[in-house]
Amino acid sequence: MSTPRKDKVTIPGIRARKCLGARASGPHVKDDGTRASGPQQWKETPAGSHDSSVANPDRIVALTVYDHPSARILDEAGVDILLVGDSVGNVVLGLESTLPVTLQVMLHHTAAVTRAHPRALVVADMPFLSYHTGPAEAVRNAGRFIQEAGAEAVKVEGGVRRAEIIRAMVDADIPVMGHIGLTPQSVNALGGYRVQGRDDDAVDRLLEDACAVEEAGAFSLVLEAIPAAVGSLITRLVGIPTIGIGAGPDCDGQILVSHDLFGLSAGSPPRFVRRYADLAETMREAVRRYAADVRAGAFPSERESYATPPELAQRLAAHPGRIRQS
Ligand code: KIV
């Protein structure tokens with residue numbers, strides 16, 4: 001089985017190469033062995049995704065999600081991929097980074113999401129140190145996401161250095177999504193949350209990483225925090241779909257942390273975030289109104305209380321208001 005090759009990409013100053021697409025497997029490969037053109041063919045078609053008035057109906061729409069009700073809502077809204085991200089650490093658990101997020105935490109949140117039985121593809125993020133120590137442990141841990149938590153694929157961070165591990169997981173029939181560029185689990189090695197791929201050498205390394213991930217058999221590749229032109233170049237280079245987060249408009253799909261999109265994250269969001277709602281203010285306003293009603297005695301009303309049978313009401317009215325001694 002081969003992955004269609006992209007045209008050779010040549011950029012002055014950047015070492016030209018193209019990926020081999022050595023082994024294609026995973027949800028983007030259709031039953032007849034040909035490559036699906038978009039995630040609509042990975043699972044059922046989301047409502048409206050083939051609307052001819054839409055410029056790029058095959059663009060992959062991905063979001064992070066960490067809990068059951070949100071999974072249901074995002075799925076109903078037509079998201080293609082639900083990523084149970086280890087960003088749960090920052091955005092839900094109040095941690096400073098993703099590094100303290102454990103396998104147990106990720107299994108717990110992944111299971112909550114898959115219990116919504118979403119139509120979207122559920123990808124579980126493998127946390128720090130759950131796959132770094134070697135292929136055997138990586139396969140065992142990835143298998144837990146599939147077997148215990150109901151995920152359909154896993155995501156791992158890193159390129160060339162993770163290729164052997166990705167290959168081992170793919171060999172165990174576990175679909176793998178790659179993730180290169182700004183990889184938050186490497187924050188200490190990278191010296192902070194910085195945009196990656198800003199000089200020729202860094203771009204070369206990103207190209208090597210992208211090819212290594214594809215050649216290892218990953219079915220898609222997240223590109224995080226890289227210049228738009230580099231996102232575009234990698235998208236032309238690899239045969240698997242790229243999913244950008246701060247990687248410009250030319251990727252095959254986009255992903256955001258859902259709490260950023262909803263306006264639920266604290267602090268100022270990264271440049272690549274677009275807020276589509278201010279749910280934090282919606283929630284604050286709802287709580288202010290609830291508090292005012294409780295303090296005014298306006299909540300609960302009769303409609304929100306259980307009725308008392310009339311005879312019981314009479315006896316209760318005559319009750320001394322203390323427990324009777326028998
Ligand atoms: O954990 C996460 O939210 C992610 C996305 C940023 C891709 O890995």
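A note on the source: I am reading a predicted model, where local features need pLDDT of at least 70, side-chain atom pairs count only at pLDDT 80 or more, and totals for chains, interfaces and linings use all residues. Residues are numbered from 1 along each chain as its sequence is written.

Next, the surroundings of E208. I found E208 in helix α7, residues 200–215 (helices are DSSP runs of H or I with at least four residues, strands runs of E with at least two, numbered from the N terminus). Leaving out residues up to four places away in sequence, E208 touches G159 and V160 (contact means C-beta atoms, placed from the backbone, within 7 Å). V160 lies 48 residues from E208 along the chain, yet their C-alpha atoms are 6.8 Å apart.

Then I turned to the largest nonpolar core, which holds 75 residues (buried Ala, Val, Leu, Ile, Met, Phe, Trp, Tyr and Cys joined through C-beta atoms within 7 Å). L82, V154, V176 and A210 touch the most other members. Helix α7 gives the most to this core, seven residues. I also checked V176, whose contacts beyond four places in sequence include V154, I166 and F219.

Last, the whole chain. I noted eleven helices and ten strands, and 41% of the 326 residues are buried.

Terms used: Two residues are in contact if their C-beta atoms, placed from the backbone, lie within 7 Å. A residue is buried if 20 or more other C-beta atoms lie within 10 Å of its own, exposed if 12 or fewer, and partly exposed in between; C-beta atoms are placed from the backbone.
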